[in-house]
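Hello,

Please find the structure we talked about below. My notes come after it.

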Amino acid sequence: MEKVIGIDLGTTNSCVAIVENGVPTVVPNRGGYKTTPSMVAITEAGKRLVGHIAKRQAITNAENTVYAAKRLIGRKWNSPQVKNAVATSSYRIVQGPHNDVRIVLRDKEYSVSEVSAMVLQEMKLIAEDYLGEPVSKAVITVPAYFNDNQRQATKDAGEIAGLDVIRIINEPTAAALSYGFGKNVEKTIAVYDFGGGTFDISILEIGSSGIFKVIATAGDTFLGGEDVDARIIDWLVQGFKEEHGIDLRQDRMALQRLKDAAEKAKCELSSVRETEINLPFIISSGRNEALHLQRTIERNTLEELSGDLLERTIDICRQTLKDARLEKDEIEDVLLVGGMTRMPKIQQAVGEFFEREPSKGVHPDESVALGAGIQGSALISDKHDMVLLDVTPHALGIMTQGGFFEELIPQNTTVPTHRTKIFTTSRDNQTAVKIVVMQGESERAEENELLGEFILTGLRRAAKGSVEIEVTFEINADGIVSVHAKDLETSKEQSIEVTASSGLTRDEIKDMIDNAKDYMVERRSTEEVEAARQEAEKLVGEIERLFPQVEQIVAASDFGRDAIEKARAILDKARQAIARRDLAAMKSEIEGLSRTHRMFKGVVAKTH
Amino acid sequence: MTDHKKKRSSRPPKPADEENDRPTVSPPFDVEAFARATSADTRAEGRGEQVTLTNELELERARSQSAMRTDPPRKNTPSALSIANAHAPSAPNIPAAKRALSPTSIEAAVLGAIATSPGQAGPEISERTIDDPVAEMTERFSLGDYTGALEMAELILAEDPGNLEAAECGENCRTVLEGMYVARLTPLGRAPIVLVPPTQMRWLSMDHRAGFILSLIDGTSTVETILDMSGMPKLDALRILHELVQQKIVAFK
């Protein structure tokens, strides 16, 4: 049966999981790491870098390295989050042709879905390398607060990456799925997710028959482990300046090393009480010598440096519980998700706030991907006990007089569904009404997402409140929202169909899919050439190493001299094939090289 | 005894047991070959009495003569590069400059130009000064001194960014030099490892750029990956990596 992969497409790191023989497993990447940085870079030579390599050059090639693309996906150009990102990002963000967001890398514009697709493509490759077979279906997770456009943009990213995204699920739901896997759980839980770039707190109700309901969710999209790293960097930079009078921030190479070292120290301090940061030759003193940075950081120092950040997360938890009208004792378990939750101080603070020990039952880095993997497996299997129901992530409704939002379809309603409500005119002799369709939970319409609008005209002239208009919202199985408005007296009606949009047209998506395919073909071909080249070079090296010994042993005989000449000819042809990077020739020469190598080894072995 | 103490105290503080473990860092040129060449020349000249060079002109002549016979590494050019240059094929698309074969090498000519002070008679090699940087660049290129030619090209471009000849020559130099370093570090799919223990790292002699490259070496990242991660011009990263290998600070598995 075809495998479905589960992908946690994170702001700073991504993770891919599958279910193998009934066991959910995270797939490590080529470097052996179970998470891959969600970073994409283009080098000066035009080469695309994704993951750890992109991360390790993120500061020295800052203008051409994209991080935290997730903060931008599916957003409109004029949204506050995009404005914030434009002001704080090292890479260039520009307005797209459909009021969407584009990222400029080496003078080329990419849509955010395209950049996210590069990360997804990497996750797909990781899974394919592990499984040894192509993968085409995936379940991808998104934050619970993502609206339809953001979800659609994530789906588009999957499509560009060559994946059929069979379901998009909420991250806290995925973590809860992983937590509840194999158990019969009926609980109200809190998922405290403190990752590299964002913080989210979600309250979920896990019911019987696979119902996972997100009761409340909140967070901060600009608060994460990277802020803690920045505090450590500040501390190191300040100390170095006091000692040497040099600002390390002025040198990108120094800053890159500081960033790597700060993150490493932060991770180490979760298990040890102090750690040394040793960065020799960090910067030139300007007197023809380099200076070294060597400092010891204690866990207490880290806790002091990041105390306010931790406090911010607790404040958000407090507010979320209040909004959900829940008491702490109603939360039956607390799941810790995200790398930052390894920090002992965070575990302690969360425990103290919720007045209970957080659960150790889920892996902070892997649980979301594992949950997605579990869901993917359930969707294609005969057992449906773990299949999540497709629900509306946010409430749907219309704007009413005074700028208020009137909800028609509540959040978490199972789709397909439809709801109807009667509205009246708000002015005397009003002949037309504007139906503004929105999505969100705020009572203030302006704080919700605008999905579309249309005008119903030809209403009879009458006193305000006396003309009745029936508004019907319908969501079909494909998630397409239709809104109808009908004058009940005249039966005149107007309607609109709202499809979630990532800001990309079908043609654009098609072009991007083609580009991604071309890239993969090229990459696979380069990898094949590289593998052949390495094998050929290894054999050439081995034969060259044995050559003097073999020559000495066999040169006395005609047969030996002939063999030596033949070996030389094979080596020459192989070197030429390597220089030309000619795959077919290299493959053909590898055969001859292997034979020669075996023969040489045999000759040497016999004489010893 | 006092002197000995002074010597030790002038060194950076370090544990006594590390003294013997300190790695011997090879100088960036072939010491033995250089010593043999120099001593052979000295013997050939038959130095009867010791001469003390006291003025700039004499000093310059001596430098020029020395440069004629031996080819010592230039101070600011790594020896590895000099070796690479010596083996480098001439690039076909740059015409060989006219070679007014003064008895000196380019290094001596440049030294002469620098050493000549105003009001003093310059050495005989004065016709080959840095006054004509384009000719100097072309000459160096034709002699296979690609680093020197690149330096000249960069100097020219700093003054005149639109100089096409310098831009082209600089590009050609980079291509040739990159090729040389790649040839020495190939296959680039290998992962280098650091040979010097972290505790002894700070006693090495290197600049912060080499320190940065060294920080990227983790035993799993290949040369290609390191080049991509460095964010430096490829040539610079290759040169530094090659020097680290030459100095036995870095090796391949």
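This is a predicted model: local features need pLDDT of at least 70, side-chain atom pairs count only at pLDDT 80 or more; totals for chains, interfaces and linings use all residues.

**Chain A: a sheet**

Chain A has an open sheet of four strands. Their order is E20-E19-E22-E23, and the pairing is antiparallel. Why do E20 and E23 each have one side without a neighbour in the sheet? Strand E20 (404–409) and strand E23 (449–456) of chain A stand at the edges, so each has a single partner strand and one side left open. On average, neighbouring strands of this sheet are turned by 30° against each other, direction ignored.

Look next at the pair E22 and E23 of chain A. Strand E22 covers residues 433–439. Seven bridges join E22(A) to E23(A), and the two run antiparallel. Within this pairing, A:Ile435 stands opposite A:Phe454 of E23(A). As background, strands of a sheet pair through backbone hydrogen bonds, either parallel or antiparallel.

**Chain B: two domains**

Chain B is divided in two: domain 1 spans 55–185 and domain 2 spans 187–253. Each domain of chain B puts 10 residues into the contact between them.

Which elements give two or more residues to the side of domain 1 of chain B that touches domain 2? They are helix H4 (79–87) and helix H8 (164–185) of chain B. H8(B) gives the most to that side, with seven residues. By type, the residues on this side of domain 1 of chain B are seven nonpolar, no polar and three charged.

Best wishes

Conventions. Residues are numbered from 1 along each chain as its sequence is written. Chains are lettered from A and ligands numbered from 1 in the order in which they are written. Two strands pair if DSSP finds at least two bridges between them. Axes are lines fitted to C-alpha atoms, for helices over the stretch in contact, and angles run from 0 to 180 degrees between N-to-C directions. Domain bounds come from an automatic or database domain assignment. Two residues are in contact if their C-beta atoms, placed from the backbone, lie within 7 Å. Ala, Val, Leu, Ile, Met, Phe, Trp, Tyr, Cys and Pro count as nonpolar, Asp, Glu, Lys and Arg as charged, and the others, Gly among them, as polar.
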